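Biologist: I'm new to this one. Can you put it on screen and walk me through it?

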Amino acid sequence: MAQVQFEAKVSKTTLGLNERLRVDFAMNIDGDNFSEPSFEGFRVIAGPSQQVSQSWVNGRSSFEKIYSYYLLPNQKGTLVIKQATIEYNGQVYKTSPIKINVTSAIEQPK
């Protein structure tokens, strides 16, 4: 049996106050009871959206399920995306927290 992988991925770790951040919580199993973090310091502008993909390559099965969110920071400074959790076969798995550095608003090209 393959090892359970459950991790959080972000589109960038430094962003301006007016930039969006994409956060993906990806797992290689069909976990139950996904619990999102509080997203303290951020406003959720989209999500959760869910993607599931399963493939067979050379007789090997691969599975991936992703929960995606788009966030907008509410303040400057260092913010932390806390742990998300899932359950699988009676065990609880957690993602690692991710630090995000939020700077002043970035000028958007017109």
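Modeller: Let's begin with Gln50. Gln50 is partly exposed, with a relative accessible area of 47%. Keep in mind that this is a predicted model.

Biologist: Where is Gln50 placed?

Modeller: Gln50 sits in strand S5.

Biologist: And what does Gln50 touch, leaving out residues up to four places away in sequence?

Modeller: With those left out, Gln50 touches Lys65, Ile66 and Tyr67.

Biologist: How many residues lie between Gln50 and Asp32 in sequence, and what is the distance in space?

Modeller: They are 18 residues apart in sequence. From C-alpha to C-alpha, Gln50 and Asp32 are 13 Å apart.

Biologist: New topic: rings. How many aromatic pairs does the structure hold?

Modeller: There are six aromatic pairs. Take Phe25 and Phe34 as one of them. Their ring centres are 5.7 Å apart and their planes meet at 55°, so this pair is tilted.

Biologist: Why does that angle make it tilted?

Modeller: Planes under 30 degrees apart count as stacked and those over 60 as edge-to-face, so a value in between is tilted. The Phe25 and Phe34 planes are at 55°.

Biologist: Is Phe25 buried or exposed?

Modeller: Phe25 is buried, at 0% relative accessibility.

Biologist: What about Phe39 and Tyr69, how are those rings arranged?

Modeller: Phe39 and Tyr69 make a tilted aromatic pair too. The distance is 4.9 Å centre to centre, with 55° between the planes.

Biologist: Which parts of the chain does that pair link?

Modeller: Distant parts, 30 residues apart. Phe39 is in the loop between strand S4 (32-35) and strand S5 (42-57). Tyr69 is in strand S6, residues 60-73.

Biologist: Are Phe39 and Tyr69 buried or exposed?

Modeller: Both Phe39 and Tyr69 are buried.

Biologist: Which residues form the aromatic cluster?

Modeller: Phe6, Phe25, Phe34, Phe39, Tyr67 and Tyr69 form one cluster.

Biologist: What lies over the face of Tyr70?

Modeller: Arg20 does, at 5.0 Å from the ring centre.

Biologist: Now the sheets. What is the strand order in the sheet with mixed pairing?

Modeller: That open sheet has three strands, in the order S2-S10-S7. Its edge strands are S2 (14-16) and S7 (77-81), and each pairs on one side only. Neighbouring strands are turned by 35° against each other on average, direction ignored.

Biologist: In which sense do S2 and S10 pair, parallel or antiparallel?

Modeller: Parallel, over three bridges. S10 covers residues 98-103. Thr14 has Asn101 in S10 as its bridge partner.

Biologist: And what order does the antiparallel sheet have?

Modeller: S4-S8-S9, an open sheet of three strands. S4 and S9 (91-94) are the edges, each pairing on one side only. The twist there averages 20° from one strand to the next.

Biologist: How many bridges join S8 and S9?

Modeller: Four, with S8 covering residues 85-88. Glu87 has Val92 in S9 as its bridge partner.

Biologist: What follows S9 on the way to S10, and where is Thr95?

Modeller: Thr95 is in the loop between S9 and S10. Thr95 is buried, with a relative accessible area of 1%.

Biologist: What does the Thr95 side chain reach?

Modeller: The backbone nitrogen of Ala84, at 2.9 Å. Setting aside residues up to four places away in sequence, Thr95 has other contacts too, including Phe6, Phe25 and Lys82. Phe6 and Phe25 are also in the aromatic cluster.

Methods
Residues are numbered from 1 along each chain as its sequence is written. This is a predicted model: local features need pLDDT of at least 70, side-chain atom pairs count only at pLDDT 80 or more; totals for chains, interfaces and linings use all residues. Side-chain values use heavy atoms; hydrogens and water are left out. Rings of Phe, Tyr and Trp (its six-membered ring) pair if their centres lie within 6.5 Å; planes under 30 degrees apart count as stacked, over 60 as edge-to-face and the rest as tilted. Buried means under 20% relative accessible area, exposed over 50%, partly exposed in between (1.4 Å probe, protein chains only). Helices (H or I, at least four residues) and strands (E, at least two) are DSSP runs, numbered from the N terminus. A charge sits over a ring if NZ of Lys or CZ of Arg is within 6 Å of the ring centre and within 35 degrees of the ring normal. Two strands pair if DSSP finds at least two bridges between them. Axes are lines fitted to C-alpha atoms, for helices over the stretch in contact, and angles run from 0 to 180 degrees between N-to-C directions. A polar contact is a pair of N or O atoms within 3.5 Å; within protein, one must be able to donate a hydrogen and the other to accept it, and residues adjacent in sequence count only if both atoms are side-chain atoms. Contact means heavy atoms within 4.5 Å.
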